[in-house]
Amino acid sequence: PITKGLSWRSWRPLLGYNEVIPKPEAEILVEIKETGHPLVVTSSLGKGRQFLFMSDPAPHWGVNFELWESYDEFWKRALLWACGKI
């Protein structure tokens with residue numbers, strides 16, 4: 001529910017991200033097209049939920065990301081999901 005239906009074709013380029021290896025039970029929601037590295041990952045931790053975004057949500061790496069038309073909706077959904085509301 002975090003990424004479904006968002007306008008991924010209008011995604012703006014990121015200037016950088018952290019390379020990670022998600023744990024096997026994690027779900028990769030978004031990958032970097034050119035490298036296949038995970039960008040958005042979710043998983044559970046005990047009774048809680050984890051939402052991981054491997055870049056910067058604002059300047060510096062994310063300066064272009066802030067201009068994405070689905071930016072606000074993406075973060076709203078991420079927070080609601082992490083809180084168990086969706």
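How many strands form the open sheet, and in what order? In this predicted model, 3 strands form it, in the order β1-β2-β3, with antiparallel pairing. Strands here are DSSP runs of E with at least two residues, and helices are runs of H or I with at least four, both numbered from the N terminus. Two strands pair if DSSP finds at least two bridges between them. The edge strands, β1 (27–31) and β3 (48–53), each pair on one side only. From one strand to the next, the twist averages 15°. Axes are lines fitted to C-alpha atoms, for helices over the stretch in contact, and angles run from 0 to 180 degrees between N-to-C directions.

Strand β2 covers residues 38–45. It runs antiparallel to β1, and 4 bridges join the two. Val30 stands opposite Val40 in β2.

Helix α1 (residues 71–82) lies across β2 and β3. The helix runs at about 155° to β3. Phe74 is in helix α1. This residue is buried, with a relative accessible area of 0% (buried means under 20%, exposed over 50%, partly exposed in between; 1.4 Å probe, protein chains only). Leaving aside residues up to four places away in sequence, Phe74 touches Ile2, Thr3, Leu6, Trp8, Val40, Phe51, Phe53, Phe65 and Trp68. Contact means heavy atoms within 4.5 Å. Phe74 and Lys4 are 70 residues apart along the chain, and their C-alpha atoms are separated by 9.5 Å.

Residues are numbered from 1 along each chain as its sequence is written, and side-chain values use heavy atoms, without hydrogens and water. Local features need pLDDT of at least 70, and side-chain atom pairs count only at pLDDT 80 or more, while totals for chains, interfaces and linings use all residues.
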